[in-house]
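Me: Got a new protein model open here. Can you walk me through the fold?

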Amino acid sequence: MIYMANTQNKTKFLEDLSNAVDQFIDRSFTHVITISHNDADGISCLHIIQNLLYKMHLNYDYFIYNRSVSWENYLNGIFSSRQTDKNAFIFTDVGSNLKELIPIIKNRKEIFFILDHHEVDYDFHTDELPENLFFINPTIYGYDGLEHIAGATLTHMFAKQVKPSIIKHGWLTVIGIAGDSLKPMDKLQSFNREVYEELLEEDLVEDKEGLILFGSMHESIKNGLKYSILPFLNQFGGESDQKITSFLDSLHINPKSNLIDLSQSEIELIQEKAGFNSFGHFAILPHKLGLLRFAFEHALLLNILCFKNISAALSIIQLKSITRYAKGMYSEYIQNLSRNLRTLSNEIPHHETEKAIFMEVKGKIPPSSWSDTASFSAVNELFNPRKVLFLGGPEKISGTIKLSIRCSRNYLDNNKNRGVNKIITSIKKELGGVGGGHKLAGGIRLSNPSYNILKKRADEFI
Ligand SMILES: [Mn+2]
């Protein structure tokens with residue numbers, strides 16, 4: 001049968017999960033290779049699996065995959081010439097590129113476990129799955145990988161079923177959830193919510209409520225307002241200290257007080273006078289200190305480090321407090337991002353069609369920041385959330401036009417889930433170019449003439 005479920009089938013999903021767990025236990029492997037994604041969710045998955053394998057006294061190696069090369073090239077660098085079904089591969093959060101992976105796996109003797117929450121890249125038949133592959137992906141049973149289940153949530157469920165004591169490492173799961181969902185904890189749904197509540201009951205994480213200024217929860221209220229990236233506050237984000245200090249002075253609130261120590265009445269006063277509403281729940285990792293206590297900020301730090309220095313990302317998740325190096329990276333990132341979001345929110349669309357907004361930001365925002373600026377302007381709905389955002393400009397090295405393409409959740413709900421990846425596919429079909437992505441985010445490089453056609457006829461591709 002073809003899996004293209006629109007209604008959720010929890011029973012079937014849990015059956016797949018249990019089957020994979022049984023196989024993983026019964027086959028008593030001698031060596032395991034685990035491969036995970038280079039982001040906060042992926043690093044959390046990796047550490048959950050590593051803890052599991054350690055508890056099982058299994059030998060293992062691990063690798064990080066950033067999806068920049070094909071699976072074939074990547075795995076050729078890892079596969080051993082001695083193949084045996086006593087060796088297992090566990091892939092977590094690295095995508096479900098079954099079209100590429102099935103032919104590779106079919107020709108191997110090792111046993112593969114794919115734990116993933118990204119959509120499968122084509123309409124596959126379950127009878128196509130090779131016997132040495134156990135594929136667990138809740139999106140084929142109608143779940144949404146962004147809303148319902150993070151990679152770390154799925155990995156947590158798998159690991160806990162193998163060894164219940166793995167729950168002690170559940171704080172790792174919360175980092176994955178915070179990094180992928182980008183939501184206050186009271187907005188979690190489905191498996192993310194179930195697992196989070198279970199961890200709260202076990203006192204492995206703490207849930208607090210207060211003013212949500214993600215990116216800066218560990219800061220003073222002054223810096224919180226200035227450097228919050230979720231929500232990005234139009235009136236304060238990237239503004240001068242003086243403007244924010246005088247606002248807080250006028251409310252008789254000490255600008256230096258810790259954001260998380262504000263009283264209920266102070267929070268209400270700030271929200272009322274500034275005209276925004278961002279009260280909600282956030283997660284605290286009780287055994288960590290400073291910035292690392294805050295699940296969202298911890299996850300964001302991992303995401304930043306994954307791009308700058310992957311080994312720093314892998315080591316910081318094991319540390320109790322942040323290093324000076326990482327702290328520097330973090331502040332630089334957050335300052336740049338809030339400045340870029342300010343720049344962008346001051347601009348009017350440079351070209352607009354019925355369904356698209358084009359922002360040409362060359363010279364205003366550095367190219368290395370285009371992607372993140374586009375992402376956070378979409379999640380903050382800085383542009384009409386019913387349109388698709390194309391942000392970018394000419395890139396010197398490649399001599400092409402580089403575009404980051406984003407849409408909002410709101411957009412997907414109103415356009416039958418036809419998201420960015422599908423738009424990119426139809427652009428490539430007619431105009432060429434290189435690129436790809438997911439429902440909410442993606443990117444493409446186009447020639448100048450193609451870009452001009454795209455601007456004129458954007459609505460046809462959307
Ligand atoms: Mn993920």
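This is a predicted model: local features need pLDDT of at least 70, side-chain atom pairs count only at pLDDT 80 or more; totals for chains, interfaces and linings use all residues.

Me: Ok. How many helices and strands in the protein?

Reply: The protein has 17 helices and 13 strands.

Me: And how compact is it, going by the radius of gyration?

Reply: As compact as a globular protein of that length, because its radius of gyration is 23 Å and the globule rule gives 23 Å for 462 residues. The C-alpha trace spans about 70 × 55 × 40 Å along the principal axes.

Me: What share of the residues is buried?

Reply: 42% of the 462 residues count as buried.

Me: Contacts next. What share comes from residues 24 or more positions apart?

Reply: 65%, taken over the contacts with a separation of 6 or more.

Me: Switching to strand 3. Mostly covered or mostly open?

Reply: Mostly covered. Strand 3 runs over residues 87-92, and five of its six residues are buried.

Me: How does strand 3 pair with strand 1?

Reply: In the parallel sense, over six bridges; strand 1 covers residues 31-37.

Me: Which helix does the chain pass through from strand 3 to strand 4, and what's the hand?

Reply: Helix 4, residues 98-106. This β-α-β crossover is right-handed.

How values were computed:
Residues are numbered from 1 along each chain as its sequence is written. Helices (H or I, at least four residues) and strands (E, at least two) are DSSP runs, numbered from the N terminus. The radius of gyration is taken over C-alpha atoms; the globule rule is 2.2 Å times the number of residues to the power 0.38. A residue is buried if 20 or more other C-beta atoms lie within 10 Å of its own, exposed if 12 or fewer, and partly exposed in between; C-beta atoms are placed from the backbone. Two residues are in contact if their C-beta atoms, placed from the backbone, lie within 7 Å. Two strands pair if DSSP finds at least two bridges between them. A crossover is right-handed if, with the strands pointing away from the viewer, the path from the first strand over the helix to the second runs clockwise.
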